[in-house]
Amino acid sequence: MKGIPEHHLSRMPDNTAMKQQNLPAYQLRFSATVVLSIFFGTGVFCLCMGVILILSVKSTKKIEINYTKICSNCAQLRENAFNFDKECICSIPFYLPEKMEGNVYMYYKLSGFYQNLYRYIQSRSNNQLVGEALRDVEDCAPFKVSHHGTPIVPCGAIANSMFNDTIILSYKLNSSMHITVPMLKNGLTWWTDKYVKFQNPSFNNFSSKFAGSTKPPYWPKPIYDLDRNNVENNGFLNDDFIVWMRTAAFPTFKKLYRRLYRIHYFTEGLPAGNYSFNISYNFPVTRFHGEKSVVLSTLTWCGGGGFFLGVAYTVTGALTWLASFALMAVHLMWKKKKIAYQKKSYALRRKTENRNGQ
Amino acid sequence: MPCWKEKPPEVERTVKANDREYNEKFQYADNRIHTSKYNIITFLPINLFEQFQRVANAYFLFLLILQLIPEISSLTWFTTIVPLVLVITMTAVKDATDDYFRHKSDNQVNNRQSEVLIDGKLQNEKWMNVKVGDIIKLENNQFVAADLLLLSSSEPHGLCYIETAELDGETNLKVRHALSVTSELGADISRLARFDGTVVCEAPNNKLDKFTGVLSWKDSKHSLNNQKIILRGCVLRNTGWCFGMVIFAGPDTKLMQNSGKTKFKRTSIDRLMNTLVLWIFGFLVCLGIILAIGNSIWENQVGGHFRTFLFWNEEEKNSVFSGFLTFWSYIIILNTVVPISLYVSMEVIRLGHSYFINWDRKMYYTGKAAPAEARTTTLNEELGQIEYVFSDKTGTLTQNIMTFKKCSVNGRIYGEICDDPVHKKVITKEKEAVRFSGQAPAEGSFEFCDHSLMESVKLGDAKVHEFFRLLALCHTVMSEEDHSGKLIYQVQSPDEGALVTAARNCGFIFKSRTPETITIEEMGTLVTYQLLAFLDFNNIRKRMSVIVRNPAGQIKLYSKGADTILFERLHPSSEALLSVTSDHLSEFAGEGLRTLAIAYRDLDEKYFREWHQMLQTASAATHERDDRVSGLYEEIERDLTLLGATAIEDKLQEGVIETIASLSVANIKIWVLTGDKQETAINIGYACTLLTEDMNDVFVIAGNTVGEVREELRKAKGSLFGQNSSVLSGHAACEKQQQLELVSVGEDTVTVTGDYALVINGHSLAHALESDVKNDLLELACLCKAVICCRVTPLQKAQVVELVRKRRNAVTLAIGDGANDVSMIKTAHIGVGISGQEGLQAVLASDYSFAQFRYLQRLLLVHGRWSYFRMCKFLCYFFYKNFAFTLVHFWFGFFCGFSAQTVYDQWFVTLFNIVYTSLPVLAMGIFDQDVSDQNSMDCPQLYEPGQLNLLFNKRKFFICVAHGIYTSLALFFIPYGAFYSTAGEDGQHVADYQSFAVTMATSLVIVVSVQIALDTSYWTVINHVFIWGSIATYFSILFTMHSNGIFEMFPSQFPFVGNVWHSLTQKCVWLVILLTTVASIMPVVAFRFLKMDLHPALTDQIRRWQKAQKKARPVRRRRPQPRRSSSRRSGYAFAHQEGYGELITSGKNMRAKNPPPTSGLEKPLFNSTSWLENLCKKTTDTLSSFSQEKTVKL
């Protein structure tokens, strides 16, 4: 570089790997061995996972009772909105052939209920639910304010449509003795929901905090009356309310309603025997051709899913394996032909060169 | 140019010298130039206006407006405005920087100094303050500041010499001369200051070769033409000083008027993208319609009942109206199939590639300290698709340096190539040995190295002496001594320079000349020859001769010229020598050297006297003067005695042959378009192996009428096809040939067997470009391996490029160095300028510039190929990614009552394209390499996929879209199936909307990241950082946005609080994500593997055979060994211009030893106007863009 004037040097591009595009790099290549072993490995994994999932789902116990039609008289009653204050209790007996071991969860399941409609999802006020600004009903259309102009608390379509059946499970201890299965009302929600996302206005003189507001039109009682027995479970912090407010992704969904309180007879879970659901039928589903069910179920290590995931894993695993065999066969069969082809293409290339390059 | 000052168009311009007040009332533009677009105040409005004229930006603005309508807004406004603002800002910053540099260069030009005559004094003034009517003083080697009327100069007759390289690319000097009335003003400041002539002339226009005007001064009128005008952009040469009056300034100058707006170039990928975007838009509308209909039906069937829980306003109860609103809502949601970040990313990638070009050390020319430069940052991938290269000759293929390579004297060849340094040393010693005392040092550039010639000189071989004497005498070179006493030759043609220099180095030094004598130093002794006659060169005679009387009183005619011409005029006694020399000549020609034959004749006194008498009568004649004179020339130039031949190498630029060979392997066709003469052009064609001796035929089209040209074209085609193929229509044949080249198997019956070349002349080309002959020309040209167009004007260059570009629909590249290449550079898809030359016009108009032709190979085969490869990969991936991302909403539509609910969190929609997935794909788009640069260079065949548009086309696009759709299906339905009425590990929610959204988003990010990981074939550190970093960024942003803190601050903006903790701690969520990834990726891997296994592309093979590569490397073609073919080809080529003989014999251009400042020392000379006008006529023609006959470019 001696003898080259300064400005020559300064215009010379830097000799860095980055600028000269020769950064050290790993070149990804799909060699047959790598691809085939990935395929075999994935196949094995998926198959195993599928079998495990299927087996574990099979081991769960589940009772699902659709009570839309069973309680048809109640359903008819609810068809008419004017009967909103008439109580209707419906009792559904059922037999549990095997005992449900471990934690048992009670769900209500709705189908045909579109909790994922855009307007529906938007129609809530997080500001209000966090207990800070009860008057913030900006996003709650069409349930913002009452006729008198007072804000609805909790406002919005989601809150207004809250599921309000009461389901009580009773166990027929013997022919004459019915006992109510003890159920827990708490622990149904996510921790963050209960302690961050939902907050009551500060506590002293609870109901007065909600003064100047109106209950949602479909609600029989105001928000501060949801659970009078337990202050912790009242107002915006009511577990049933919080569960409802976490909108479902699909029109058919189940939401946790109660969980078994494992004491007395039920320390092991639900023993086999006769049971009945006593349902206070309030939620009108027939109006929108929906259905509702009550579900009792136990869970596996990966929650309470259906067979889908297990089957999907099995199928994927099987397909991957099939594919890997096919790939291997093709690879081996074409190996010879490939060599021939390469020779040909090489010759062809040479020919082109000779033609082009004189 | 201030556009707000609307002036009526100028019809005529009136300028009064030295009278600013008078001129001011016309409001002529001053000399300030303005190429910048904005200033600080106008930047924002103008730039924004320009940006929103772009379809994409307007589209996103439209979306933004849609989103502001609450009834249809399905996404919050920030999802569009954040990217849009980002894009607009980035573009604005780029525009601002560009404009800043324009301001800077404007300022630099505007602030150049010039000497202006103000208030009777010469004052230094900035260029921008020069006004019309001012008188400026220019000094030697200064740039001309404005279009001037030449008033006076330091040279006799008010002559001045200018170089017009910046205007027309020609480096030879042109003569301008002032009116005699004004040239008398000389350098007398007081007289100049009193000068008050008024010029009435044409309005500003862009014709470089025309000027009409009248100067009125002292009650008389003088007409003005182009000869009196010095244009801005010229450089004053060989002239001490001159004075000029400003006629046109600033934007009105011809230079500025000529620099038309650069055409906005787009790449073919851009155009394809436009089509695709339209298709996508159609697709989007279709999806919108499907979903809108779905919504109407749903509202009718289900939604109507569902109103119990969700009151609609009365007017919205109409399900059709609801469908209509849904349509717009879905248009908003699905708009991400045409993501705004696509355009930005493309720009960023191209910018990156441009920087790589700028940074490439292998395209840096140390000799001129010139790095390659990508002047346009938007065309890079087009470099990977070039099919035709149009190249200029001089300065591009050749260095414009002539060297005396070989000679044949009296049947003996001198000057074999010797590269041995030891040998060379010996020769230099030898050379020094033959040098005589007092001899000026030999020119450094002289490289002749055959000591046997020196020996012959030393031994006093009479023929050799005569040979060099001839070279020292028969030329038009002017000599000059600089201050150090060194002899400097001013040459009109570089060929002559080489010959005279050769003679000088061999002891026959041309010292000086007067109109009547030539003085040379022969082996150390000064000899003065009397110059009796000068038989000038012209294109028909193809030779020039001088008749001299030596001190001994003998009269000799020395002649040099084309072998074909001279051989006809030899004395029979030279027969034997002729055949030997002829062999030598063909050998020289085979090596691509330019040859001249050398001969002399002894004349006896009486004969010459008679002849001279006749010549003088003929010269004085007014009638048929030229014919009579040339007849007399013929008469005396006969019975010549052959001396030998010279061979001059028109030095090619380094690596031209290799580059051409390599590009032709890459199936790139190279056309040479040159202003040179046919012989010179053909010669260069052979020299750079574009033409070869073993070509079947070289068609030369040189017809003078449309009919002739057509006939010649047809005939050529006929001989090309044989007899039966004249039926074939032009296009079919062309396409056939094209296909043929692709398949590269020659089995078709109508195949053109063998190699052909086409050489077409400028005036034939003018006819051939007429509408009906066009097709014939194109057809023939496409079938030929090489096409050389000679004597073409700049305009024709552009027309040829346009023809190929339009008719063949091929991607073209034009490369050139001079201003005469500007038009073609601007016309071609890609224009490349050779930098480091004196004129900058070509570089300024070009898209890419570098210093050497050979860098074209690297630019195309490496940078172009990579750019194309990367861009295609990028686009494929981008479309895939966005379809996968967006179509999920479509599937979800069927489960959410077509209510335009998004699947993802709004923040995710906003950030997905610009944060979560942009960097890995950018890194791939910028850094990816399939094969290394060395392999791309060594295996030019790799270039072909680009030409055939294989890597990204409509088919590929559909594959990408299908891939995206498949992925979106997997992405949606696997979580859907898994989440369908499921519960979490603690029995709580997991099938809620928010968890579903998080699961889907996470799966999507992981799937597309794995996909980009698969697509990236060259994993640098940056790729690692970006890919892993993107995933990490996704999770960190996710955790941040779902954190308590941010929720407490903005409860309504971040409703997903805590979601990520609950979802991502569920095992089943991870199982879902895993399954989705496997299901989306495995088929791709399988397909890629199969494709590579069954149909490996050349790149795959090369990657596989990285080690065994050397074998596959095509052998670099060296210069072919000289071949002696039976049909001898003349290597004659001589870049000489007619008219200088007259100049010499008149003595006009000979300066007195100490040039007087004024015109005092003028000698009265006979017919002084005639030579001057003659010369001027001849030199101006070179400026004219349409001259065909007399243009000879140096």
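## A first look at chains A and B

Ile760(B) stands opposite Cys789(B), a residue of strand 30 of chain B. This is a predicted model, in which local features need pLDDT of at least 70 and side-chain atom pairs count only at pLDDT 80 or more, while totals for chains, interfaces and linings use all residues. Residues are numbered from 1 along each chain as its sequence is written, chains are lettered from A and ligands numbered from 1 in the order in which they are written, and side-chain values use heavy atoms, with hydrogens and water left out.

Let us stay with strand 30 for a moment. Helices (H or I, at least four residues) and strands (E, at least two) are DSSP runs, numbered from the N terminus, and two strands pair if DSSP finds at least two bridges between them. Strand 30 of chain B has parallel partners, including these:

| Partner strand in chain B | Residues | Bridges to strand 30 |
|---|---|---|
| Strand 27 | residues 669-673 | 3 bridges |
| Strand 29 | residues 756-761 | 5 bridges |

How many residues of strand 30 are buried? With buried meaning under 20% relative accessible area (exposed is over 50%, partly exposed in between; 1.4 Å probe, protein chains only), 5 of its 5 residues are buried. In a regular strand, side chains alternate between the two faces of the sheet. Here Ala786(B), Ile788(B) and Cys790(B) lie on one side, Val787(B) and Cys789(B) on the other, and both faces are covered.

Now for chain B as a whole. It holds 43 helices and 34 strands, and buried residues make up 61% of its 1194 residues. Taking a contact as heavy atoms within 4.5 Å, 76% of the contacts in chain B between residues at least 6 apart in sequence join residues at least 24 apart.

Strand 2 is joined to strand 12 (residues 291-297) of chain A by 5 bridges, and Asn66(A) stands opposite Ser293(A) in strand 12.

How confident is the predictor? On pLDDT, its confidence in each residue from 0 to 100, chain A averages 83, and 89% of the residues score at least 70. Among the elements of chain A, helix 2 (residues 32-58) has the highest mean pLDDT (92) and helix 1 (residues 6-11) the lowest (56). Over residues 1-8 of chain A the pLDDT is below 50, and this stretch has 8 contacts in the model beyond near neighbours in sequence.

Technical notes. pLDDT is the predictor's confidence in each residue, from 0 to 100.
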